[in-house]
Amino acid sequence: MKINTVLAFALAGYATTAVAQAQQITGAGATFPAPVYSKWAESAKPATGIELNYQAIGSGGGQNQILNRTVDFGASDAPMDAAKLASGNILQFPAVMGAVVVIVNIPGVEMDALKLPGELLADIYAGTISKWNDPKLVEANRGVTLPNLAIAPVYRADGSGTSFVYTSYLSAVSADWKSKVGAATSVKWPAGAGAKGNDGVAATVRNTKGSIGYVENAYATQNKLITVQLRNKARQFVKPTAAAFNAAASAGNWRDAKNFAVDLIDQAGDTSWPIVSATFILLPKDPKDPGRSANVMKFFDWAFTNGAATAQALEYIPLPGAVQDAVRSAWHTEIKNPDGKPVF
Amino acid sequence: MQQARRTASRGANLGDFVFASLTRIAGVFVLVLLGAIIVTLFIGGLPAFEKFGVGFLTSTDWDPVQEVYGAAVPVFGTVVTAVLALIVSVPLAFGIAFYLTELAPQWLRRPVGTAIELLAAVPSIIYGMWGFFVIVPIMAQYIQPAVIDSVGELPLIGPLFGGPAFGTGILTAALILAVMIIPFIAATMRDVFLTVPPVFKESAYGLGCTTWEVMRSIVIPYTRTSVVGGIMLGLGRALGETMAVTFVIGNTNRIATTLFGPGNTIASLVALEFPESQSGSLKLSALLALGFILFVISFIVLAISRVLLRPRLKV
Amino acid sequence: MSATLSSHSTLPGAIKNLNVAKALGRRRSRASTVVKALCVLATLIGLALLASILLTLIVRGFGGIGLGVFTEVTKPPGSNGGLLNAIVGSLIQTVIGVAIGTPVGLLVGTYLAEYARGSTLGNAVRFVSDVLLSAPSILIGLFIYQLVVAPFGGFSGIAGCIALAVIVIPIVVRTTEDMLSLIPVAMREAAMALGAPKWKMIVQVCYRAAKDGIVTGVLLAVARVAGETAPLLFTSLGNLNWSLSLTKPMASLPVTIYQYAGSAFDDWVQLAWVGALLITFGVLAINILARVVLRGGK
């Protein structure tokens, strides 16, 4: 009984202490950009008075939440279906970009020493190349001693935007992969073992001799994982560096991309890293609370203007200036109050 | 006089009526609430059942790109890991229960018993992290290579231990599950062993039986049904475990042909794929259908354990 | 008589029998010793497993414990964040979830043990409740999402509490019913003979007698929900900021651990292990404390 009384008091206490924190906004979705969003949130709070609560529940979750209007904005690594954007009355815009890198654990092979043409990478994940001393791999890697060791491909077992980007790349470079497996947040992997999350892939690669995996760039850099060189569209081998990522980002055809759903996979240019992608924000065009929507745009406006250095420090690629301006004008023309006036 | 008694009994009746109704209402509430969960799952899974029919149960395909889904791989993984977990945990749990009831010195029984029960209080995400960071590396670097080298070439059992040594896989998942259900089975066994009337055991000791003979010929036959019931409850828990399994099973949608091979369970697959499933998609429906199938499996296991436990519950 | 006679008449045979009996006895006692040794080994394995889990948490988590963990809220990588909002959010949601689930579970357990023996409704309730014991918790989270979050248009701490309560109910139902069923008939009859109505008998006699077991059940429920990630992800969502409002998204330790453990940044990974250490030792401490208190009360 006593406990119940105490509880009742505690509950009553909530009702009164729940002072409305005026500027709170909530977003949910993709896991990949969560660190940079939370870093932006920390710096933007004193500057704008906006308190962002971003939760990484997965891109699919982010799309569902914005369709159900349970959050102020959704976030997704894979661009949303054009038909769904239309039927859900949602504006999609890019927030930041990132790269996916390939990591290996082969005795004697050092950082960025191994060179992998994309079609061989696809063959490895398809299981048709199963030994590291396969003649095709040896051919591409003169000067590197490759052992007679079975290849153990490791992939993301959880549905993830990273897998979507990676399989998009494999589909772009291998017709076989495109027709037999395809690109999605999770696919029917022909070979190898799955691991949960970037950390799971990294740890499994670390534990298993002869393994190969793919992770977000931030993960490889922070944990000093052994990455490899990939061959880009210009048939040049490139190392995964910030310059290579930026080259790919600026080579993208932003102007013709509908709903900003730009494709940054396997871009032209001698120095472009082939696996780069943008991550997207989803915002209702008819917000039920225009004040909160305005704060979302105010937040990203601040992040575009002031957040580039933060993004780079966390291994992300900021949006080019021209794209930022295009996003700002889309906010102005697309997102309206019930009376038809722009929200922001 | 009679009236006074009637009032008194009416007062008691009223109290009884209120209390009985209260418990009954709670019972119906829970039936409706929990029944609703099962029904929601079934309705949510209906599109997948309709699309694939009975083939959903037998198909080993899980291809989100082609939108073809089958339940055979996760159902296989769920059943195999749970059964393997039982094979490992039952002897261990039996040994612990035997030790705690017959062998341990009196002063040691409580602390050791509590420590074993504490294994049940460790949250499952912790089991997952422990399994992934402690057990998986040991499996990958020592146990699996050693077993593959020594047993892998033998006929018959050799093929069970093949494949690359990822450390993760069906066997690792089963081992973690075994650790998780040991405290449940051991506690049940200990409790039912204690229900054996001392007279029975003392008569056997009087005849010169050893401790082990008393256990084998008196205690086990006397408690057999309850022991099996307790084991089934452990099995039920192993079937639905999510986080601990997800970390260590290797998460592959193929039927594992070796014990070291990666696989998947229903709960693990649902947890992994759910965040990337869009509402209204066939994938989400297939996941909900899987959830429903898991309920059916637990239902069958529970029905068996009910039947086995019944004689003892009546006492 | 005849037995003595016959054994007398074949003395060498008796000696032989004695030898056989001795050999048999040796074999029997050897078998017993082997089994005993195996049982001690099994118990040692069990204890070693617990020790290994606790040691792993201490080795990886203890170094990260500092004042900041308890005074700072979660922050981006590199900003010296803590776990304050997650710890408080977890406490609130676990306490309210258990506080909602326990009375319901207690009443249902009582109904099953005392009123519904053999009735069809009782069997149905028991079955559904037991099936849900092994339900993957993500499905329960999903159900509460559809029931509470989607219709009310937002994630909230209270939705998380309800999801946890739904997980608590079947656990408490099971232990309550089991414990009430174990109470000797004599005890009930004594209470009835004193003229106590049934409900008083249940509340004052049975509950008191079954207290230990019921508390153990509630503790198991606490242990289970304190570490739950999946049902909270789609109900209370999580919150990067300090918030005590039950109508807004609320942080929790398991969700924070889940997200931090998989991140690329060392300070987040360290905090994840600290969180794991706090949850596990917190739950273990509650368990041990409750056992000590219960035993002291006897």
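**Interfaces and labels**

Reply: Chain C and chain B bury about 6,800 Å² between them, with carbon and sulfur atoms giving 81% of that area. One caution before going on: this is a predicted model.

Me: How many residues does each side of that contact take?

Reply: Chain C puts in 75 residues and chain B puts in 72. A residue is in the contact because it has heavy atoms within 4.5 Å of the other side.

Me: What makes C:Arg28 and B:Glu213 a salt bridge?

Reply: Their closest N and O atoms are 2.6 Å apart. The cut-off is 4 Å, between a side-chain nitrogen of Lys or Arg and a carboxyl oxygen of Asp or Glu. The pair C:Arg28 and B:Glu213 is therefore called a salt bridge. The count between chain C and chain B is one salt bridge.

Me: How many residue pairs are in polar contact between chain C and chain B?

Reply: Six, with both residues of each pair at pLDDT 80 or more. Helix 2 of chain C (residues 11-61) supplies the largest share of the side that touches chain B, 20 residues. By class, that side of chain C has 50 nonpolar, 15 polar and 10 charged residues.

Me: Helix 2 of chain C also holds C:Val59. Why is C:Val59 called exposed?

Reply: Its relative accessibility is 63%. Exposed means over 50%. C:Val59 clears that cut-off, so the label holds.

Me: How far is C:Val59 from C:Leu277, C-alpha to C-alpha?

Reply: The separation is 9.7 Å, although C:Val59 and C:Leu277 are 218 residues apart along the chain.

Me: Turn to chain A and chain C. What area do they bury, and how many salt bridges does the rule find?

Reply: About 2,800 Å² is buried between chain A and chain C, 58% of it on carbon and sulfur atoms. Polar contact is another matter: the count is 10 residue pairs, both residues at pLDDT 80 or more.

Me: Which element of chain A gives the most to the side that touches chain C?

Reply: Strand 2 of chain A, with six residues. That side of chain A divides into 15 nonpolar, 11 polar and seven charged residues. In total, 33 residues of chain A are in contact with 38 residues of chain C.

Me: What area do domain 1 and domain 2 of chain A bury between them?

Reply: About 1,000 Å², 68% of it on carbon and sulfur atoms. On the domain 1 side, A:Ser277, A:Glu315 and A:Ile317 supply 48% of the buried area, more than any other three residues.

Me: How many salt bridges and polar contacts link domain 1 and domain 2 of chain A?

Reply: The count is zero salt bridges. One residue pair is in polar contact, both residues at pLDDT 80 or more.

Note on methods: Residues are numbered from 1 along each chain as its sequence is written. Chains are lettered from A and ligands numbered from 1 in the order in which they are written. This is a predicted model: local features need pLDDT of at least 70, side-chain atom pairs count only at pLDDT 80 or more; totals for chains, interfaces and linings use all residues. Side-chain values use heavy atoms; hydrogens and water are left out. Buried area is the accessible area (1.4 Å probe) that two parts lose on being put together, summed over both. A polar contact is a pair of N or O atoms within 3.5 Å; within protein, one must be able to donate a hydrogen and the other to accept it, and residues adjacent in sequence count only if both atoms are side-chain atoms. Helices (H or I, at least four residues) and strands (E, at least two) are DSSP runs, numbered from the N terminus. Ala, Val, Leu, Ile, Met, Phe, Trp, Tyr, Cys and Pro count as nonpolar, Asp, Glu, Lys and Arg as charged, and the others, Gly among them, as polar. Buried means under 20% relative accessible area, exposed over 50%, partly exposed in between (1.4 Å probe, protein chains only).
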